[in-house]
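Hi,

Here is the structure I promised to pass on.

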Amino acid sequence: MSDLMRSMIAATSGMDSQTTRLRLISENIANIDTPGYRRKTISFEEVRAQSDARAVIPGQVRLDRSELERVYEPANPLANEDGYFDGSNVDLIVEMADARESRRSYEASLRMFEQSRGMLNSLFELMRR
């Protein structure tokens, strides 16, 4: 398999992985006010495709084990006798930074894919002549 095809496989796997990461970030942001919600995180694992191309795949989704925010709201039905209940451990600033990083990684993979595709198309044009 050509190096151009291998780079396209690597770029595609990067885009797929970042899409998964962005989905989890979106879930975290959507559940920022959900009592007891724990932030979801994901890591990536390198694999070799059947074509000997390097690729990444999303690893296992993990829950952030950091402390949940203690919220004082005595009128809330979830509150204990002291008026506190466990909120979520999602930090909007962290999620926005992760989303920006993921978006940039996705765009870099997309550019790599487009460059490889363009070079492959140019190669085919040369072969047709």
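Predicted model: local features only at pLDDT ≥ 70, side-chain atom pairs only at ≥ 80, totals over all residues.

Residues are numbered from 1 along each chain as its sequence is written, and side-chain values use heavy atoms, with hydrogens and water left out.

The structure has 12 salt bridges (a side-chain nitrogen of Lys or Arg within 4 Å of a carboxyl oxygen of Asp or Glu). D98 takes part in one with R21, their closest N and O atoms sitting 3.8 Å apart. D98 is in helix α2 (residues 92-128) and R21 in helix α1, so this pair ties together parts 77 residues apart in sequence. (Helices are DSSP runs of H or I, at least four residues, and strands are runs of E, at least two, numbered from the N terminus.)

D98 also has a salt bridge with R39, at 2.6 Å from N to O. R39 lies in the loop between α1 and β1, 59 residues from D98. Both D98 and R39 are buried, and R21 is buried too (buried is under 20% relative accessible area, exposed over 50%, partly exposed in between, with a 1.4 Å probe and protein chains only).

Further along α2, R128 and E125 pair up at 2.6 Å, three residues apart, about one turn of the helix. Here R128 is exposed at 62% and E125 partly exposed at 38%. Shared partners join R21, R39, D64, E95, D98 and E101 into one salt-bridge network.

Cheers
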